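Open the model in your viewer and keep the selection panel at hand. The stops below go from the whole chain to single residues.

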Amino acid sequence: MTRQFLFVLGSSRSGGNTESLAREAAEQLPADFEQRWLSLAEHPLPDFVDLRRDSDHVRPPAAGNPAMLLDATLAATDIVIASPLYWYSVSGLTKRYLDYWSGWLRTPGVDFKATLAGRTLWGVTALAHKEPEVADPLIGTLNHTAAYMKMRFGGVLLGNGSGRGDVLNDTEALARAKTFFAQEPPLARFPYEA
């Protein structure tokens, strides 16, 4: 199967530091790897309604953003969550996308969890702190999501930047971006499984 990278951009603005860092890393991917870039701000999802106990789940109508994002997610071998660090975790747009995974887990005929099992989840974020530990909640969210889904987890590429374009001055982050996607990620584990 050809590697298909889905870059899910979780910023409310385009061309920010997180997206810039993700694009730096993506430039290193082999030419035969497919790339698809989707901005959650340009393809907004309605508020997520948890129907686990109240209703039957149905596949979203084909014309809407939920179906498009579901299909793109299912088609990807590698899902890259590119979310700025907002209040020490993923952005609201990103969290809403991940909330939709809960509904897709229960959508008949989709086999969402079985389809994503063994595939790889990656993260990219820009933060305005010098201390990388402040991104631990974001990293935990992505690791635990991958662990629950039985996916591989490639970790999170961290960069520093507050003003537009600042991350391109973070030479350490740019160096890490050169090899970020070259690693062979392990299956994700919850901390209690280590």
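**Before selecting anything**

This is a predicted model, in which local features need pLDDT of at least 70 and side-chain atom pairs count only at pLDDT 80 or more, while totals for chains, interfaces and linings use all residues. Residues are numbered from 1 along each chain as its sequence is written, and side-chain values use heavy atoms, with hydrogens and water left out.

**Stop 1: the whole chain**

Show the cartoon. The protein has six helices and five strands; helices (H or I, at least four residues) and strands (E, at least two) are DSSP runs, numbered from the N terminus. Read from the N terminus, the order is β-α-β-α-β-α-α-β-α-β-α. The radius of gyration is 16 Å, close to the 16 Å from the globule rule for 194 residues, so the protein is as compact as a globular protein of that length. That radius is taken over C-alpha atoms, and the globule rule is 2.2 Å times the number of residues to the power 0.38.

Along the principal axes, the C-alpha atoms fill a box of roughly 50 × 35 × 30 Å. Colour by accessibility next: 48% of the 194 residues count as buried. Buried means under 20% relative accessible area, exposed over 50%, and partly exposed in between (1.4 Å probe, protein chains only). With contact defined as heavy atoms within 4.5 Å, 80% of the contacts between residues at least 6 apart in sequence join residues at least 24 apart.

**Stop 2: helix α1**

Select residues 17-26. Eight of the 10 residues of α1 are buried, so this helix is largely enclosed by the rest of the structure. The buried set is Asn 17, Thr 18, Glu 19, Ser 20, Leu 21, Ala 22, Ala 25 and Ala 26. Their cover includes β1, β2, β3, β4, β5 and α6 (171-179).

**Stop 3: helix α2**

Move to residues 65-75. α2 is mostly covered, with eight of its 11 residues buried. These are Pro 66, Ala 67, Met 68, Leu 69, Leu 70, Ala 72, Thr 73 and Leu 74. Show the partners as well: the buried residues of α2 pack against β1 (4-9), β2, β3, α3 and α4 (112-116).

**Stop 4: helix α5**

At 1.5 Å a residue, the 13 residues of α5 should span 18 Å, and the end C-alpha atoms are 18 Å apart, which agrees. The expected span is 1.5 Å times one less than the number of residues.

Which residues of α5 are buried? They are Leu 138, Gly 140, Leu 142, Asn 143, Thr 145, Ala 146 and Ala 147. This buried set packs against β3 (78-82), α3 (92-104), β4 (120-127) and β5 (152-160).

**Stop 5**

Most residues other than glycine have a negative phi. Lys 150, which follows α5, has a positive phi near 60 degrees. Lys 150 sits in the loop between α5 and β5 and is partly exposed, at 49% relative accessible area.

Now select Trp 87, in the loop between β3 and α3. Trp 87 is not a glycine, yet its phi is positive, about 50 degrees. Is Trp 87 buried or exposed? Trp 87 is exposed, with a relative accessible area of 80%.

**Stop 6: Pro 84**

Stay in the loop between β3 and α3, where Pro 84 is also found. Pro 84 counts as buried, at 10% relative accessibility. Leaving aside neighbours within four places in sequence, its contacts include Gly 10, Ser 11, Thr 18, Thr 125, Ala 126 and Leu 138. Thr 18 is one of the buried residues of α1, and Leu 138 is one of those of α5.

**Stop 7**

Select Arg 13, in the loop between β1 and α1; it is partly exposed at 40% relative accessibility. Beyond its neighbours within four places in sequence, Arg 13 is in contact with Ser 162 and Arg 164.

End at Leu 51, in the loop between β2 (34-39) and α2. Leu 51 is partly exposed, at 28% relative accessible area. A distance label from its C-alpha atom to that of His 144 gives 22 Å.
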